[in-house]
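Here's a quick tour of a protein fold, going from strand pairing to the core and then out to the overall numbers. Have the structure open as you read.

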Amino acid sequence: MSAKRKYPWGFSYARYPQPTIEELQKQAEQTLRKAGEKSRQYEPVHVSGTQLCRHWWGKAWCKAIESYSDMSNRLARGRRYLKADTVLDLRLEPGEIHALVQGSRVKPYKVHITVDPLSAQFRKKIEEACAGSLHDMEALLNGDLPPAAAGLFTQEGGLFPRSRELKIRCSCPDDAILCKHAAAVLYGVGVRIDENPFLFFQLRGISVEDLIGRKLESRVEEMLSHAHNAPSDRTLPEEDIGKLFGV
């Protein structure tokens, strides 16, 4: 992971008092209200209940980022900020994450995270594994990730990015490798993909629709390749068809 910028005046995060949850929520509500008055379309992340995620893939994402030793000092604050509904806007694009996070100041901070692209070799491996079962592809279309696919995500070099594959930037003055705002965003990504696993494939630049399309094309080609084979026992000869229908 790339290091954040360092401030020459020696910014120390500890010098400033931390806002309470109530203060953060109040400021976030005001920011969203003003955005609505200006017709700005935000996509906030809301966490209901004590757990951030319900499905194995969302939980696995959170577990993956918690394994990054160089992030550990800001993760707890990030969870706190996320649960306070401070992630006002979160959008996933191929290889990029864009977010706005409410902090102690009136104007929210901008967080931008880029993810290194998959290698061509690993992308092919992932596509072949995902397209191996039409049943699994149908499960994806229904918003479900089969447990058999877990290894593709969590293994070393899998779909979940490692810390060195992330480039993080936040407009806040905190000079830590990972600030609490970016940590809240990373947890927010877990919530988003827990709700819709398609977003994760989009983030990694993989089209599920293309995978399914290729699988269906392969199935059709296989069927066509057997079209001229000898008729099976369940196929009626032409003369028998005529007798059956009296023609």
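Predicted model: local features only at pLDDT ≥ 70, side-chain atom pairs only at ≥ 80, totals over all residues.

## Strands, core and surface

Let's start with a strand pair: β3 (residues 109–115) and β4 run antiparallel and are joined by five bridges.

Strand β4 covers residues 166–170, and its side chains alternate.

In soluble globular proteins, nonpolar side chains tend to be buried together. Here the largest nonpolar core has 55 residues, and Trp61, Leu82, Leu90 and Leu186 have the most contacts inside it. Helix α7 (residues 180–195) supplies the largest share of this core, with nine residues.

Which residues does leucine 186 touch, leaving out those up to four places away in sequence? They are Trp61, Ile65, Met71, Ile113, Leu166, Ile168 and Leu178.

Zooming out, the protein has 10 helices and four strands, arranged along the sequence as α-α-α-β-β-β-α-α-α-β-α-α-α-α. Some whole-protein values:

| Property | Value |
|---|---|
| Buried residues | 42% of the 247 residues |
| Contacts joining residues at least 24 apart | 77% of those between residues at least 6 apart in sequence |
| Accessible surface | about 14,100 Å² |
| Surface belonging to carbon and sulfur atoms | 53% of the accessible surface |

Note on methods. Residues numbered from 1 in each chain as written. Heavy atoms only, no water. Helix = DSSP H or I, 4+ residues; strand = E, 2+ residues; numbered from the N terminus. Buried < 20%, exposed > 50% of the residue type's maximum accessible area, 1.4 Å probe, protein only. Contact = heavy atoms within 4.5 Å. Areas by Shrake-Rupley, 256 points an atom, 1.4 Å probe, with all protein chains shown as cover. Pairing = 2+ DSSP bridges. Core = buried A, V, L, I, M, F, W, Y, C linked by side-chain atoms within 4.5 Å.
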